[in-house]
Amino acid sequence: MLTPTEQDISETNTRIWKCRGCTVQNPTPVNTDSEKSKYELLCKDNTRAPIDSYKNCHLARVPAHAVITRKDPGLADLIWNSLNGVQNFNLFSSEAYAPAKNLMFKDSTQRLVKVPPNTDSFLYLGAEYISIVHSLRKEQTAGTASSAIRWCAVGHAETEKCDTWSINSVTGDSASIECQNAPSVEECFKKIMRKEADAMAVDGGQVYTAGKCGLVPAMVEQYQQEQCGSSPATASSYYAVAVVKKSSGVTWANLKGKKSCHTGIGRTAGWNIPMGRIHSQTNDCNFANFFSSGCAPGAELNSPFCSECKGSGKAVGDEAKCKASANEQYYGYAGAFRCLVEGAGDVAFIKHSTVEENSNGNSPEWARGVNSADYQLICPGKDPVPVNEFTSCHLAVVPAHAVVTRPEIRDNVVRILQDQQTKFGVSGSDSTFKMFQSSNGKNLLFKDSTKCLQEIPAGRSYEQFLGPEYMSAMSSLRQCTDTASDLEKSCTFHTCQQP
């Protein structure tokens, strides 16, 4: 077996192939049922289970063996083409060299399959496996000695807010919050996996991707003040809605062919829920066949879902156009509603409170003069209704945003965030900084409607956090393979890593 060195893990960006058909490794076979009954598996929850229950009682699911090479796309393609051309010629059998077994490849290999692009050893092995390797070797990485958590910010506005938070978090000679930044949420996930950052708050769709990559939800945003002192079981949810201009005549029934405004690719209310609904109607994975154009930050630049995006507003050299960050003016809830307000789209997929938060005088400069009464909600099988009737007309009830982190530092992240919100939360003791307010944008680092963060019980998985309805919706949407990002594909490619 090839064991990656620390240099392999930290520096390479290898192309890897793996054997198809891998499931959880069977324990050493016991030949008879009577012999099996003499043995049991020890489970991590301090229970025991029959020998054949290894799928539910095991120490870990481990990656299959892989072919690795140096970072050279041309060489990687040559190796793949060479191996792919001969793998049907008994490439995996060691029978001719008996009693030797598993020579070059495991004898149980059925075939080799090429991994998704940009898959390095970190993404292939997964955050949990890498964490185990580090723990086994008792390795200390840069920044481990610090008691601070490194928050990952996306874009310039979030980085500015994070820097202000970091300065205000200083006690004595040390800060409780340090800041890292990346151009997108998924690049932040990679930094968290690599221990270059520790945590960030993301929406449910991004919790899904983070979970697929071995990260865990640690705290959840609560949007009702009266629930802040209660059990985490009462964690907030919100309604995913479709908003149109009242004068437009747009309904769910005539939505096809219109222009759409989305919070971002892979986000819950803005993409996963509405596109899942549309896919269930059409069974067509090419959503450009449904909407004529739109803005879905995070889409490919040549996609119809980038054509209506606004960017940062720079006259020339605007690199923010269609980027999934606050630098794109149509990104996020407020951005998607702005896309509708300014006529770039005919429908905006947002959360139920977005219109009220950006109208009737409670609004940024771009929304001056916007009246909530000029907008309405549309949903399948109903006539349009006023925007305040979201309980009767919505696309789904979805989980609140959550803080994700690596499993081994989950407790430390919770402890520091609890301390920080005591100081800088809605009722915090220090008024010099407010965690849940954004002065240079909307919903920076956290949603502005957040009243507090609640701890998610230790051991609760991302599947349990998102709930069966959301997981079912994601399972349906993932029938369209293109709806998964390259990162998610890399993290889930290995069948043994999946639930």
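Colleague: Are Cys 261 and Cys 339 buried or exposed in this structure?

Modeller: Bear in mind that this is a predicted model. A disulfide joins Cys 261 to Cys 339, with an S to S distance of 2.1 Å. As for accessibility, Cys 261 and Cys 339 are buried.

Colleague: How many residues apart in sequence are the parts tied together by Cys 261 and Cys 339?

Modeller: The link of Cys 261 and Cys 339 is left-handed, with -65 degrees about the S-S bond. Cys 261 lies in strand S13 (residues 259-262) and Cys 339 in helix H10, so the pair ties together parts whose separation in sequence is 78 residues.

Colleague: How many disulfides does a search of the whole structure find?

Modeller: The link between Cys 261 and Cys 339 is one of them. Sulfur atoms within 2.5 Å count as a disulfide. On that cut-off, the number of disulfides found in the whole structure is 10.

Colleague: Which residue does Cys 285 form a disulfide with?

Modeller: The torsion is -80 degrees about the S-S bond, and the link is left-handed. The two sulfur atoms are 2.2 Å apart, and the partner of Cys 285 is Cys 480.

Colleague: How many residues apart in sequence are the parts that Cys 285 and Cys 480 tie together?

Modeller: Their sulfur atoms are 2.2 Å apart. Cys 285 lies in the loop between H9 and S14, and Cys 480 in the loop between helix H13 (462-477) and helix H14 (486-492), so the pair ties together parts with a separation in sequence of 195 residues.

Colleague: What is the torsion about the S-S bond of Cys 379 and Cys 393?

Modeller: A disulfide joins Cys 379 to Cys 393, S to S 2.2 Å. The disulfide is left-handed because the torsion about the S-S bond is about -125 degrees.

Colleague: How many residues apart are Cys 379 and Cys 393?

Modeller: Their sulfur atoms lie 2.2 Å apart in the disulfide. Cys 379 is in the loop between strand S16 (375-378) and strand S17 (385-386), and Cys 393 is in the loop between S17 and strand S18 (396-399), a spacing of 14 residues.

Colleague: Which residue in S19 stands opposite Ala 201?

Modeller: Strand S10 (residues 199-202) and S19 run antiparallel, joined by 4 bridges. On the pairing of S11 (residues 216-222) with S19, the sense is again antiparallel, over 4 bridges. There, Met 219 has Val 403 as its bridge partner. The residue opposite Ala 201 is also Val 403.

Colleague: Which residue of S19 points the same way as Val 403?

Modeller: In a regular strand the side chains alternate between the two faces of the sheet. In S19 (residues 402-405), Ala 402 and Val 404 point one way. All four residues are buried, and pointing the other way along with Val 403 is Thr 405.

Colleague: What separates the C-alpha atoms of Pro 274 and Leu 395?

Modeller: Pro 274 is found in helix H9 (residues 268-282). Its relative accessible area is 0%, so Pro 274 is buried. Beyond residues up to four places away in sequence, Pro 274 touches Thr 268, Ala 269, Phe 349 and Leu 395. Pro 274 and Leu 395 are 121 residues apart along the chain, yet their C-alpha atoms are separated by 6.9 Å.

Colleague: What is the angle between the ring planes of Trp 271 and Phe 305?

Modeller: The structure holds 16 aromatic pairs. In the pair of Trp 271 and Phe 305, the ring centres are 5.5 Å apart, and the pair is edge-to-face because the planes are at 90 degrees.

Colleague: How far from the ring centre of Tyr 238 is Lys 447?

Modeller: Arg 267 lies over the face of Tyr 333, at 5.2 Å from the ring centre. Lys 447 lies over the face of Tyr 238, and its distance from the ring centre is 4.1 Å.

Colleague: How many residues are in the largest nonpolar core?

Modeller: Trp 165 is in contact with residues including Trp 151, Leu 417 and Phe 446. Trp 151, Trp 165, Met 200 and Phe 446 touch the most other members of the largest nonpolar core, whose residues number 108.

Definitions and conventions:
Residues are numbered from 1 along each chain as its sequence is written. This is a predicted model: local features need pLDDT of at least 70, side-chain atom pairs count only at pLDDT 80 or more; totals for chains, interfaces and linings use all residues. Side-chain values use heavy atoms; hydrogens and water are left out. Buried means under 20% relative accessible area, exposed over 50%, partly exposed in between (1.4 Å probe, protein chains only). Helices (H or I, at least four residues) and strands (E, at least two) are DSSP runs, numbered from the N terminus. Two strands pair if DSSP finds at least two bridges between them. Contact means heavy atoms within 4.5 Å. Rings of Phe, Tyr and Trp (its six-membered ring) pair if their centres lie within 6.5 Å; planes under 30 degrees apart count as stacked, over 60 as edge-to-face and the rest as tilted. A charge sits over a ring if NZ of Lys or CZ of Arg is within 6 Å of the ring centre and within 35 degrees of the ring normal. A nonpolar core is a set of buried Ala, Val, Leu, Ile, Met, Phe, Trp, Tyr and Cys residues joined through side-chain atoms within 4.5 Å.
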